[in-house]
Amino acid sequence: MKLLNYFHHRVAVVFAAFSLFLSVAFGMFLYDSLYEVDDQVRRALLDNFEQSFVDHYRQTGEYLSGDGAFQIRVLVSGRDPIEAPYRALEPGYHEYYLDQEHVISGVLPPKLGQESVAVDVPRYLLIHNDSDSHAINRHQDEILLTIELAVLGVSLLGILIGLLLSRQLSLPVRTLKARIDATDPDNPSLVPLARQDEFGDISHAYADTLDRVRRSLERERRFSGYASHELRTPVAVVKSSLNLWNACQRSEDVERAEAIRAKVIGRISDANQQMEEVIQTFLLLSRQQLDWDEVEALDLSALLSDLLEKYQAIDGYDRIRVEPRIEPGVLRQLNPKAVRLILSTLLRNGFGYAAGTLSIALDQHGLLLSNDIDQLRVEQSEHFGFGLEIATQLCEQIRWRCDCRRSEQNRFIAQILFDDSTPGPGA
């Protein structure tokens, strides 16, 4: 029964059963039709003989003795004894299936010239017994064998056609299954079937699903790489700071050791804050929608200035020339964690990949960051662009529109447009 688990096998079995049913039904219909034709032929013979019998009597007054070729027996009242079964027959055509007899009962008309004379006309019976005379009865076994062979042949032909038809019908299913089996789990993708039917629609829908799964897997890999990349630097800072702290414990210069320890504590604090920002980023991304009960009135101008001052103090970032144009008093009612992460991500991206200058412009309508691109650093980085994807998703969370692009002058531009429907202070 495991074979019936396959679609084309079930189609073949159903088609074969249907063909067998039709063949048997057609055989029975043909067999009954032969007997019906036999009945019609027999009746026609009796009718013809009856017409001849009546005409002969009217013209000659004599009775035909019967038709030996077709075994027609003639009984006439007053001349022949009428058996009991035939005495009560009304004039007409009668059939006796038990004895395989067909009987025509009638009354003879007056002879020619005696139509006006009241005479007692006799009744007649024409009896045809076909138990052995008809070809159908003589060749019944051969006819049944022929019909059975025809039924068997049609059934086998139906099975063959069913197999061919089922394989043709299941071809797109088997093709789709083969392509699915060949799908690489690490890079799921599928070439849809080039068909304009339901199988084509299913393959396109499955291909789209696999494409979404593939993009999701790629996104998870990229975000995992981004997380490890972002956490690698603060972890390294903490490790080097601890080594420096241990070295200070063996130093004889107490004042210099205390100064170094203070600097170490500051570096560890900055690294800890950077790790918290990364963790907060992923926590916010995991939420479908931010809770607007967590919002508060933010001075974006002051927040951006504080973050800019912080990044300018980081070692290596002091080589970047910053051109700020920050309009004071830009207030919004927003989630402080999300806004801080967005601004930190954009600034970190700008300082990390800028070749020499970083332009920052903030006003009541939005934020614009622009920097020339250090192509060498971009090519050496494995995670370039990950932070921008995260910033874009966080912007969607707080209803900001973020557009990151590369200009023809080889400058990177990140533009944020504030949503006017964002709740303001006092909302």
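Student: How many residues has H7, and how far does it reach from first C-alpha to last?
Tutor: H7 has 13 residues and reaches 18 Å, close to the 18 Å expected at 1.5 Å a residue. The expected span is 1.5 Å times one less than the number of residues. Helices here are DSSP runs of H or I with at least four residues, strands are E runs of at least two, and both are numbered from the N terminus.

Student: Before we go on, what kind of model is it?
Tutor: It is a predicted model: local features need pLDDT of at least 70, side-chain atom pairs count only at pLDDT 80 or more, and totals for chains, interfaces and linings use all residues. Residues are numbered from 1 along each chain as its sequence is written, and side-chain values use heavy atoms, with hydrogens and water left out.

Student: Back to H7. Which residues are buried there?
Tutor: Leu300, Ser301, Leu303, Leu304, Leu307, Leu308 and Tyr311. Buried means under 20% relative accessible area, exposed over 50%, and partly exposed in between, with a 1.4 Å probe and protein chains only.

Student: What happens at the start of H7?
Tutor: A side-chain oxygen of aspartate 299 comes within 3.1 Å of the backbone nitrogen of serine 301.

Student: Which strands does H7 lie across?
Tutor: S7, S9 (354-362) and S10; H7 (300-312) runs at about 170 degrees to S7. Axes are lines fitted to C-alpha atoms, for helices over the stretch in contact (heavy atoms within 4.5 Å). Angles run from 0 to 180 degrees between N-to-C directions.

Student: What's the strand order in that sheet?
Tutor: S7-S9-S10-S12-S11, five strands in an open sheet with mixed pairing. S7 (321-326) and S11 (401-406) are the edge strands, each pairing on one side only. Neighbouring strands are turned by 10 degrees against each other on average, direction ignored. Two strands pair if DSSP finds at least two bridges between them.

Student: How many bridges join S10 to S12?
Tutor: Seven, and S10 (366-373) and S12 (411-417) run antiparallel. Glycine 366 has leucine 417 as its bridge partner in S12.

Student: New topic: H8. What caps the N-terminal end?
Tutor: Asparagine 335, with a side-chain oxygen 3.0 Å from the backbone nitrogen of lysine 337. H8 (336-353) is largely enclosed by the rest of the structure, because 15 of its 18 residues are buried.

Student: Last one, glycine 158. Buried or exposed?
Tutor: Glycine 158 is buried, at 6% relative accessible area. It is found in H4 (140-181). Leaving aside neighbours within four places in sequence, glycine 158 contacts Phe15 and Ser19.

Notes. A polar contact is a pair of N or O atoms within 3.5 Å; within protein, one must be able to donate a hydrogen and the other to accept it, and residues adjacent in sequence count only if both atoms are side-chain atoms.
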